[in-house]
Amino acid sequence: MTERYKLLIEYDGGPFAGWQRQNNGPSVQGAIEAAIFRFCGEQVTVHAAGRTDAGVHAMGQVAHCDLTKPASPDRLRDALNAHLRPAPVSILQVQHAALDFHARFDAIKRAYRYEILNRRAPPALARSQVWHVPHRLDAGAMQEAAQHLTGKHDFTTFRAAQCQARSPLRTLDLLQVKRAGDSIVIEAEARSFLHHQIRSITGSLKRVGEGAWPPSHMAQILAAKDRAACGPVAPPHGLCLMRVDYPL
């Protein structure tokens with residue numbers, strides 16, 4: 001009898017070529033599928049809520065998989081974590097799921113966080129988890145600029161050239177910029193995002209924060225619908241998938 005399981009996953013994206021299994025390097029998906037095979041001998045596909053890029057982290061990735069030899073959720077969690085070592089991937093929780101549950105298609109919101117370390121001295125401990133910007137950024141101006149992007153828009157300006165989405169239209173439910181000590185934290189929430197959308201937005205917000213653009217310029221580059229109008233794309237290691245929401 002087939003059982004479907006919902007997995008809550010945390011990982012450091014640094015050593016991986018991204019979530020998706022691929023030929024050019026190790027993937028998070030591949031690591032988990034290999035751990036499942038070592039545990040029960042089944043070759044399965046693990047489907048995630050979102051395919052994070054190389055170097056992008058997750059604290060709340062959600063995925064699902066099917067097993068024909070059922071195990072208790074706690075046993076499956078512990079066994080996978082044992083077989084995943086020493087890869088920086090942790091299965092935080094395993095739950096039984098309905099057979100029609102789909103981690104990607106049933107998700108109604110995804111929440112990401114991008115962290116900029118904004119101080120002169122470089123990071124010693126979090127160097128693989130933050131973007132270090134040594135010159136002072138104006139978080140207030142960045143927050144003002146961010147509000148031009150909330151709501152439903154054509155985000156062609158902030159879309160990677162290789163993006164495979166059928167439409168550039170997305171609804172950004174939340175885009176908030178806050179300073180917390182030496183860190184500037186950007187929080188973004190939407191049902192779905194375009195490829196490199198958050199990193200492209202972050203790079204443009206940095207231009208505002210350093211005074212190169214006024215906050216109102218964000219509305220202009222959005223309206224341009226032109227990738228060339230976008231600021232530099234922020235590096236992947238400052239980005240983390242925090243949460244995926246599903247209907248209650």
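Trainee: In which strand is Leu174 found?

Mentor: Leu174 is found in strand β8, which covers residues 169-180. Please keep in mind that this is a predicted model.

Trainee: Is Leu174 buried, exposed or partly exposed?

Mentor: Leu174 is partly exposed. Its relative accessible area is 23%, and buried would require a value under 20%.

Trainee: Which residues does Leu174 touch, not counting those up to four places away in sequence?

Mentor: Leu174 touches Thr150, Glu187, Ala188 and Glu189.

Trainee: And how many Å apart are Leu174 and Phe155 in space?

Mentor: From C-alpha to C-alpha, Leu174 and Phe155 are 15 Å apart. In sequence, 19 residues separate Leu174 from Phe155.

Trainee: Let us change topic to Ser183. Where is the place of Ser183?

Mentor: Ser183 belongs to strand β9, which covers residues 183-190.

Trainee: Buried or exposed, then, for Ser183?

Mentor: Ser183 is buried, because its relative accessible area of 12% is under the 20% cut-off.

Trainee: What does the side chain of Ser183 make a polar contact with?

Mentor: The partner is the side chain of Glu115, and the distance is 2.8 Å.

Trainee: Leaving aside its neighbours within four places in sequence, which residues is Ser183 in contact with?

Mentor: The list holds Glu115, Ile116, Leu117 and Lys178.

Trainee: Now the rings. How many aromatic pairs does the count come to?

Mentor: The count comes to five aromatic pairs.

Trainee: Is Tyr11 buried or exposed, and what about Trp19?

Mentor: Tyr11 is buried, with a relative accessible area of 3%. Trp19 also counts as buried, at 2% relative accessibility.

Trainee: Last topic, the helices. At roughly what angle do the axes of α3 and α4 cross?

Mentor: The axes of helix α3 (residues 139-146) and helix α4 (residues 197-209) cross at roughly 130 degrees and come within 8 Å. That angle makes α3 oblique to α4.

Trainee: Which residues make the contact?

Mentor: On α3, they are Ala141, Met142, Ala145 and Ala146. On α4, they are Leu205, Lys206, Val208 and Gly209.

Trainee: Is the crossing of α3 and α4 left-handed or right-handed?

Mentor: The crossing of α3 and α4 is right-handed.

Terms used
Residues are numbered from 1 along each chain as its sequence is written. This is a predicted model: local features need pLDDT of at least 70, side-chain atom pairs count only at pLDDT 80 or more; totals for chains, interfaces and linings use all residues. Side-chain values use heavy atoms; hydrogens and water are left out. Helices (H or I, at least four residues) and strands (E, at least two) are DSSP runs, numbered from the N terminus. Buried means under 20% relative accessible area, exposed over 50%, partly exposed in between (1.4 Å probe, protein chains only). A polar contact is a pair of N or O atoms within 3.5 Å; within protein, one must be able to donate a hydrogen and the other to accept it, and residues adjacent in sequence count only if both atoms are side-chain atoms. Contact means heavy atoms within 4.5 Å. Rings of Phe, Tyr and Trp (its six-membered ring) pair if their centres lie within 6.5 Å; planes under 30 degrees apart count as stacked, over 60 as edge-to-face and the rest as tilted. Axes are lines fitted to C-alpha atoms, for helices over the stretch in contact, and angles run from 0 to 180 degrees between N-to-C directions. Angles under 35 degrees count as roughly parallel, over 145 as roughly antiparallel, 65 to 115 as roughly perpendicular and the rest as oblique. A crossing is left-handed if the near helix is turned anticlockwise from the far one by less than a right angle, and right-handed if clockwise.
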